[in-house]
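Here are some notes for a first look at this entry. Keep the structure open while reading, and take the points in order.

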Amino acid sequence: MIDESKTLANETSQGSSRVQNSVNLQLNTTFKPSRYTDKDTYKAEEKAWQENLFHVQQAYFHQNRRAIIIFEGWDASGKGGAIRRVTEKLDPRGIHVIPISKPEKVEQAKHFLYRFWRHVPAPGHITLFDRSHYGRVLVERVDSFATREEWQRGYEEINEFERTLHNSGVRIIKLFMHISSQEQRKRFEERLHNPYKRWKLTAEDLHNRNQRHHYIDAINDMFARTNTDYAPWKIIQGEHKWQARVDVLRCIVEGLSDGVDIEPPKLDEDLIKMASKQLDVSPDIE
(Lines give C-alpha, C1' and ligand atoms only; values in the text may rest on other atoms or scores of the structure.)
Protein backbone atom coordinates (compact mmCIF):
# COMPACT_ATOMS: atom_id res chain seq x y z
CA MET A 1 0.00 0.00 0.00
CA ILE A 2 1.41 3.37 -1.02
CA ASP A 3 1.45 6.10 1.61
CA GLU A 4 -0.19 9.05 -0.15
CA SER A 5 0.99 11.48 2.52
CA LYS A 6 4.60 10.85 1.56
CA THR A 7 6.23 13.56 -0.50
CA LEU A 8 9.55 13.94 -2.16
CA ALA A 9 12.02 16.21 -0.45
CA ASN A 10 11.47 19.70 -1.77
CA GLU A 11 14.09 20.92 -4.18
CA THR A 12 15.63 24.30 -3.46
CA SER A 13 13.54 27.00 -5.12
CA GLN A 14 15.78 29.29 -7.17
CA GLY A 15 14.63 32.87 -6.83
CA SER A 16 11.12 31.82 -5.75
CA SER A 17 9.82 34.59 -3.50
CA ARG A 18 6.55 35.16 -1.66
CA VAL A 19 5.81 31.43 -1.54
CA GLN A 20 3.55 30.68 1.39
CA ASN A 21 4.46 28.26 4.15
CA SER A 22 2.79 25.27 2.50
CA VAL A 23 4.15 22.48 4.72
CA ASN A 24 0.61 21.40 5.59
CA LEU A 25 -0.84 21.93 2.11
CA GLN A 26 -0.74 18.41 0.72
CA LEU A 27 -3.12 15.71 -0.39
CA ASN A 28 -5.00 14.08 2.47
CA THR A 29 -5.52 10.33 2.71
CA THR A 30 -8.85 10.30 4.56
CA PHE A 31 -12.16 11.95 3.71
CA LYS A 32 -14.93 13.00 6.08
CA PRO A 33 -18.57 12.10 5.33
CA SER A 34 -20.47 14.57 3.16
CA ARG A 35 -22.18 17.39 5.00
CA TYR A 36 -25.19 16.96 2.68
CA THR A 37 -27.72 14.28 3.51
CA ASP A 38 -30.51 15.42 1.21
CA LYS A 39 -30.62 16.78 -2.32
CA ASP A 40 -32.91 19.73 -1.55
CA THR A 41 -30.38 21.26 0.85
CA TYR A 42 -27.59 20.78 -1.66
CA LYS A 43 -29.57 22.31 -4.54
CA ALA A 44 -30.60 25.32 -2.43
CA GLU A 45 -27.01 26.10 -1.47
CA GLU A 46 -25.78 25.51 -5.00
CA LYS A 47 -28.37 27.92 -6.38
CA ALA A 48 -27.47 30.58 -3.80
CA TRP A 49 -23.75 30.41 -4.59
CA GLN A 50 -24.46 30.47 -8.34
CA GLU A 51 -26.47 33.65 -7.88
CA ASN A 52 -23.64 35.18 -5.86
CA LEU A 53 -21.18 34.25 -8.60
CA PHE A 54 -23.39 35.92 -11.21
CA HIS A 55 -23.28 39.16 -9.17
CA VAL A 56 -19.49 38.84 -8.95
CA GLN A 57 -19.27 38.44 -12.72
CA GLN A 58 -21.37 41.57 -13.20
CA ALA A 59 -19.10 43.52 -10.86
CA TYR A 60 -16.02 42.37 -12.79
CA PHE A 61 -17.64 43.46 -16.05
CA HIS A 62 -18.68 46.91 -14.83
CA GLN A 63 -15.32 47.53 -13.13
CA ASN A 64 -13.20 46.16 -16.00
CA ARG A 65 -11.65 43.57 -13.71
CA ARG A 66 -10.07 40.35 -14.94
CA ALA A 67 -9.75 36.88 -13.48
CA ILE A 68 -8.34 33.45 -14.25
CA ILE A 69 -9.76 30.30 -12.66
CA ILE A 70 -7.56 27.20 -12.84
CA PHE A 71 -8.91 23.66 -12.44
CA GLU A 72 -6.52 20.80 -11.82
CA GLY A 73 -7.23 17.40 -10.32
CA TRP A 74 -7.44 13.67 -10.76
CA ASP A 75 -9.22 12.11 -13.70
CA ALA A 76 -12.90 11.61 -12.76
CA SER A 77 -12.53 13.95 -9.78
CA GLY A 78 -15.52 16.04 -10.86
CA LYS A 79 -13.87 18.90 -12.72
CA GLY A 80 -16.35 18.79 -15.59
CA GLY A 81 -19.41 18.73 -13.35
CA ALA A 82 -18.04 21.55 -11.21
CA ILE A 83 -17.22 23.68 -14.26
CA ARG A 84 -20.77 23.22 -15.56
CA ARG A 85 -22.16 24.47 -12.25
CA VAL A 86 -19.79 27.44 -12.32
CA THR A 87 -20.72 28.55 -15.82
CA GLU A 88 -24.39 27.62 -16.28
CA LYS A 89 -25.82 30.78 -14.64
CA LEU A 90 -23.20 33.21 -15.93
CA ASP A 91 -23.35 35.51 -18.95
CA PRO A 92 -21.56 33.41 -21.60
CA ARG A 93 -20.14 36.55 -23.20
CA GLY A 94 -17.93 37.16 -20.20
CA ILE A 95 -16.73 33.67 -19.26
CA HIS A 96 -14.40 31.68 -21.49
CA VAL A 97 -13.65 28.01 -20.78
CA ILE A 98 -10.35 26.81 -22.24
CA PRO A 99 -9.89 23.01 -22.26
CA ILE A 100 -6.22 22.14 -22.19
CA SER A 101 -4.87 18.97 -23.79
CA LYS A 102 -1.66 17.98 -25.50
CA PRO A 103 -0.07 21.04 -27.16
CA GLU A 104 -0.25 21.28 -30.93
CA LYS A 105 2.94 20.76 -32.91
CA VAL A 106 3.43 24.50 -33.45
CA GLU A 107 2.97 25.07 -29.71
CA GLN A 108 5.51 22.38 -28.84
CA ALA A 109 8.14 24.43 -30.66
CA LYS A 110 7.48 27.42 -28.37
CA HIS A 111 7.83 28.07 -24.64
CA PHE A 112 5.22 26.08 -22.69
CA LEU A 113 3.56 29.27 -21.41
CA TYR A 114 3.00 30.62 -24.91
CA ARG A 115 -0.47 29.13 -25.38
CA PHE A 116 -1.60 30.36 -21.97
CA TRP A 117 -0.55 33.94 -22.58
CA ARG A 118 -2.87 33.86 -25.60
CA HIS A 119 -5.86 33.33 -23.31
CA VAL A 120 -5.21 36.03 -20.73
CA PRO A 121 -8.67 37.65 -20.30
CA ALA A 122 -9.62 41.07 -21.57
CA PRO A 123 -10.94 43.67 -19.09
CA GLY A 124 -14.33 42.63 -17.75
CA HIS A 125 -13.80 38.96 -18.61
CA ILE A 126 -13.02 35.72 -16.79
CA THR A 127 -11.02 32.84 -18.26
CA LEU A 128 -11.42 29.32 -16.86
CA PHE A 129 -8.72 26.75 -17.61
CA ASP A 130 -9.79 23.10 -17.54
CA ARG A 131 -6.25 21.89 -16.79
CA SER A 132 -3.52 24.42 -17.22
CA HIS A 133 0.13 25.41 -17.38
CA TYR A 134 0.68 23.15 -14.36
CA GLY A 135 0.95 20.30 -16.80
CA ARG A 136 4.66 21.22 -16.99
CA VAL A 137 5.20 20.07 -13.38
CA LEU A 138 2.58 17.28 -13.42
CA VAL A 139 2.07 15.14 -16.54
CA GLU A 140 5.22 16.42 -18.26
CA ARG A 141 7.23 15.57 -15.16
CA VAL A 142 5.64 12.18 -14.49
CA ASP A 143 5.75 10.94 -18.10
CA SER A 144 9.13 12.58 -18.89
CA PHE A 145 7.75 14.84 -21.62
CA ALA A 146 9.97 17.51 -20.07
CA THR A 147 13.50 17.01 -18.80
CA ARG A 148 14.19 17.26 -15.09
CA GLU A 149 15.87 20.61 -15.69
CA GLU A 150 12.82 21.89 -17.61
CA TRP A 151 10.19 20.94 -15.04
CA GLN A 152 12.35 22.09 -12.15
CA ARG A 153 12.74 25.45 -13.86
CA GLY A 154 8.99 25.42 -14.50
CA TYR A 155 8.10 26.22 -10.89
CA GLU A 156 9.79 29.60 -11.02
CA GLU A 157 8.57 30.31 -14.55
CA ILE A 158 4.99 29.60 -13.43
CA ASN A 159 5.37 31.77 -10.34
CA GLU A 160 6.69 34.66 -12.42
CA PHE A 161 3.91 34.19 -14.99
CA GLU A 162 1.28 34.38 -12.27
CA ARG A 163 3.04 37.24 -10.50
CA THR A 164 3.03 39.24 -13.74
CA LEU A 165 -0.68 38.59 -14.19
CA HIS A 166 -1.38 39.53 -10.58
CA ASN A 167 0.63 42.75 -10.87
CA SER A 168 -1.41 43.70 -13.95
CA GLY A 169 -4.67 43.29 -12.06
CA VAL A 170 -5.65 39.69 -12.86
CA ARG A 171 -7.20 37.79 -9.92
CA ILE A 172 -6.07 34.13 -9.91
CA ILE A 173 -8.06 31.26 -8.38
CA LYS A 174 -6.39 27.82 -8.33
CA LEU A 175 -8.43 24.74 -7.44
CA PHE A 176 -7.29 21.12 -7.17
CA MET A 177 -10.01 18.44 -7.17
CA HIS A 178 -8.91 15.57 -4.93
CA ILE A 179 -10.47 12.10 -4.63
CA SER A 180 -9.25 8.81 -3.24
CA SER A 181 -7.97 5.98 -5.39
CA GLN A 182 -10.99 3.91 -4.35
CA GLU A 183 -13.48 6.58 -5.41
CA GLN A 184 -11.69 7.05 -8.72
CA ARG A 185 -11.90 3.32 -9.38
CA LYS A 186 -15.64 3.42 -8.64
CA ARG A 187 -16.19 6.28 -11.08
CA PHE A 188 -14.08 4.62 -13.78
CA GLU A 189 -16.16 1.46 -13.38
CA GLU A 190 -19.36 3.48 -13.71
CA ARG A 191 -18.09 5.06 -16.91
CA LEU A 192 -17.08 1.70 -18.30
CA HIS A 193 -20.54 0.22 -17.76
CA ASN A 194 -22.58 3.27 -18.79
CA PRO A 195 -22.74 3.60 -22.62
CA TYR A 196 -23.48 7.33 -22.29
CA LYS A 197 -20.40 7.91 -20.14
CA ARG A 198 -18.04 5.36 -21.68
CA TRP A 199 -16.47 8.00 -23.92
CA LYS A 200 -15.10 9.69 -20.80
CA LEU A 201 -12.85 6.75 -19.97
CA THR A 202 -9.64 6.69 -21.98
CA ALA A 203 -6.43 4.70 -22.09
CA GLU A 204 -4.67 7.82 -20.83
CA ASP A 205 -6.91 7.84 -17.73
CA LEU A 206 -5.91 4.27 -16.95
CA HIS A 207 -2.24 5.06 -17.56
CA ASN A 208 -2.42 8.05 -15.22
CA ARG A 209 -4.11 5.95 -12.55
CA ASN A 210 -1.25 3.48 -12.74
CA GLN A 211 1.13 6.39 -12.13
CA ARG A 212 -0.81 7.69 -9.12
CA HIS A 213 2.05 7.34 -6.64
CA HIS A 214 4.29 9.44 -8.91
CA TYR A 215 1.53 12.03 -9.31
CA ILE A 216 1.13 12.31 -5.53
CA ASP A 217 4.77 13.34 -5.24
CA ALA A 218 4.44 15.78 -8.14
CA ILE A 219 1.23 17.33 -6.82
CA ASN A 220 2.56 17.84 -3.30
CA ASP A 221 5.75 19.37 -4.72
CA MET A 222 3.57 21.63 -6.87
CA PHE A 223 1.76 22.88 -3.77
CA ALA A 224 5.02 23.45 -1.93
CA ARG A 225 6.62 25.38 -4.79
CA THR A 226 3.72 27.38 -6.28
CA ASN A 227 1.38 28.16 -3.38
CA THR A 228 2.07 31.89 -3.43
CA ASP A 229 0.34 34.69 -1.58
CA TYR A 230 -0.79 36.21 -4.89
CA ALA A 231 -2.04 32.89 -6.34
CA PRO A 232 -2.76 30.39 -3.54
CA TRP A 233 -3.99 26.84 -4.05
CA LYS A 234 -7.29 25.50 -2.70
CA ILE A 235 -7.75 21.75 -2.38
CA ILE A 236 -11.35 20.73 -3.05
CA GLN A 237 -12.38 17.48 -1.38
CA GLY A 238 -14.08 15.83 -4.35
CA GLU A 239 -15.00 12.51 -2.75
CA HIS A 240 -18.63 13.69 -2.49
CA LYS A 241 -19.86 15.38 -5.66
CA TRP A 242 -22.58 17.57 -4.15
CA GLN A 243 -20.25 18.97 -1.51
CA ALA A 244 -17.42 19.46 -3.99
CA ARG A 245 -19.59 21.47 -6.39
CA VAL A 246 -20.76 23.83 -3.66
CA ASP A 247 -17.23 24.17 -2.28
CA VAL A 248 -15.95 25.09 -5.76
CA LEU A 249 -18.58 27.80 -6.12
CA ARG A 250 -17.90 29.12 -2.62
CA CYS A 251 -14.12 29.25 -3.13
CA ILE A 252 -14.49 31.10 -6.43
CA VAL A 253 -17.00 33.60 -5.06
CA GLU A 254 -14.92 34.30 -1.96
CA GLY A 255 -11.68 34.50 -3.93
CA LEU A 256 -13.03 36.83 -6.60
CA SER A 257 -15.01 39.08 -4.27
CA ASP A 258 -12.26 39.64 -1.69
CA GLY A 259 -11.66 43.39 -1.65
CA VAL A 260 -14.06 43.96 -4.56
CA ASP A 261 -17.25 46.03 -4.37
CA ILE A 262 -19.95 43.66 -5.61
CA GLU A 263 -22.80 46.18 -5.40
CA PRO A 264 -24.28 47.07 -8.82
CA PRO A 265 -23.31 50.48 -10.20
CA LYS A 266 -25.77 53.33 -9.94
CA LEU A 267 -27.62 54.36 -13.09
CA ASP A 268 -26.85 57.70 -14.68
CA GLU A 269 -29.33 60.31 -13.45
CA ASP A 270 -29.96 61.61 -16.98
CA LEU A 271 -30.71 58.08 -18.17
CA ILE A 272 -33.16 57.59 -15.31
CA LYS A 273 -34.99 60.78 -16.24
CA MET A 274 -35.07 59.87 -19.93
CA ALA A 275 -36.35 56.36 -19.27
CA SER A 276 -38.91 57.54 -16.73
CA LYS A 277 -40.34 60.03 -19.21
CA GLN A 278 -40.41 57.66 -22.17
CA LEU A 279 -41.78 54.70 -20.20
CA ASP A 280 -44.09 56.84 -18.06
CA VAL A 281 -42.86 55.36 -14.79
CA SER A 282 -41.72 56.83 -11.51
CA PRO A 283 -38.12 58.06 -11.44
CA ASP A 284 -37.77 56.85 -7.83
CA ILE A 285 -35.35 53.95 -8.28
CA GLU A 286 -33.55 52.39 -5.34
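How many helices and strands are there in the protein?

1. Overall make-up. The protein has 11 helices and 5 strands. Its radius of gyration is 21 Å, close to the 19 Å that the globule rule gives for 286 residues, so the protein is as compact as a globular protein of that length. Please keep in mind that this is a predicted model.

2. Extent and burial. The C-alpha trace spans about 75 × 45 × 40 Å along the principal axes of the protein. Of the 286 residues, 45% count as buried. Contacts also reach across the sequence. Take those between residues at least 6 apart in sequence: 81% of them join residues at least 24 apart.

3. Helix 6 against helix 9. Two packed helices are described by the angle between their axes and the distance between the axes. Helix 6 covers residues 148–167, and helix 9 covers residues 212–226. They pack at an angle of about 45°, and their axes are 10 Å apart. Helix 6 and helix 9 are therefore oblique to each other. The crossing of helix 6 past helix 9 is right-handed.

4. Who makes that contact? Helix 6 supplies Gln152, Tyr155 and Asn159. Helix 9 supplies Asp221, Met222, Arg225 and Thr226. Sorted by class, the contact of helix 6 with helix 9 has 2 nonpolar, 3 polar and 2 charged residues.

5. Helix 7 against helix 8. Look next at residues 181–193, which form helix 7, and residues 203–210, which form helix 8. The packing angle is about 160°, with the axes 12 Å apart. Angles over 145 degrees count as roughly antiparallel, so helix 7 is roughly antiparallel to helix 8. Here helix 7 passes helix 8 in a left-handed crossing.

6. Residues between helix 7 and helix 8. On the helix 7 side are Ser181, Gln184, Arg185, Phe188 and Arg191. They meet Asp205, Leu206 and Arg209 in helix 8. By class, this contact of helix 7 with helix 8 has 2 nonpolar, 2 polar and 4 charged residues.

7. Glu140. Is Glu140 buried or exposed? Glu140 has 16% relative accessibility, so it counts as buried. This residue lies in helix 5, which runs over residues 139–142. Leaving out residues up to four places away in sequence, Glu140 touches Gly135, Phe145 and Ala146.

8. Arg131. Most residues other than glycine have a negative phi. Arg131 is not a glycine, yet its phi is positive, at about 75°. Find Arg131 in the loop between strand 3 (126–130) and helix 5. With a relative accessible area of 25%, Arg131 is partly exposed.

9. Asp280. Where does Asp280 sit? Its place is in the segment after helix 11 (269–279). Asp280 is exposed, with a relative accessible area of 69%.

10. Points to check on screen. Begin with the two helix pairs. Helix 6 and helix 9 are oblique, whereas helix 7 is roughly antiparallel to helix 8. Then turn to the single residues. Glu140 is buried, Arg131 is partly exposed and Asp280 is exposed.

Notes: Residues numbered from 1 in each chain as written. Predicted model: local features only at pLDDT ≥ 70, side-chain atom pairs only at ≥ 80, totals over all residues. Heavy atoms only, no water. Axes fitted to C-alpha atoms, helices over the stretch in contact; angles between N-to-C directions. Helix = DSSP H or I, 4+ residues; strand = E, 2+ residues; numbered from the N terminus. Parallel < 35°, antiparallel > 145°, perpendicular 65-115°, else oblique. Left-handed = near helix turned anticlockwise from the far one by under 90°. Contact = heavy atoms within 4.5 Å. Nonpolar A, V, L, I, M, F, W, Y, C, P; charged D, E, K, R; others polar. Rg over C-alpha atoms; globule rule 2.2 N^0.38 Å. Buried < 20%, exposed > 50% of the residue type's maximum accessible area, 1.4 Å probe, protein only.
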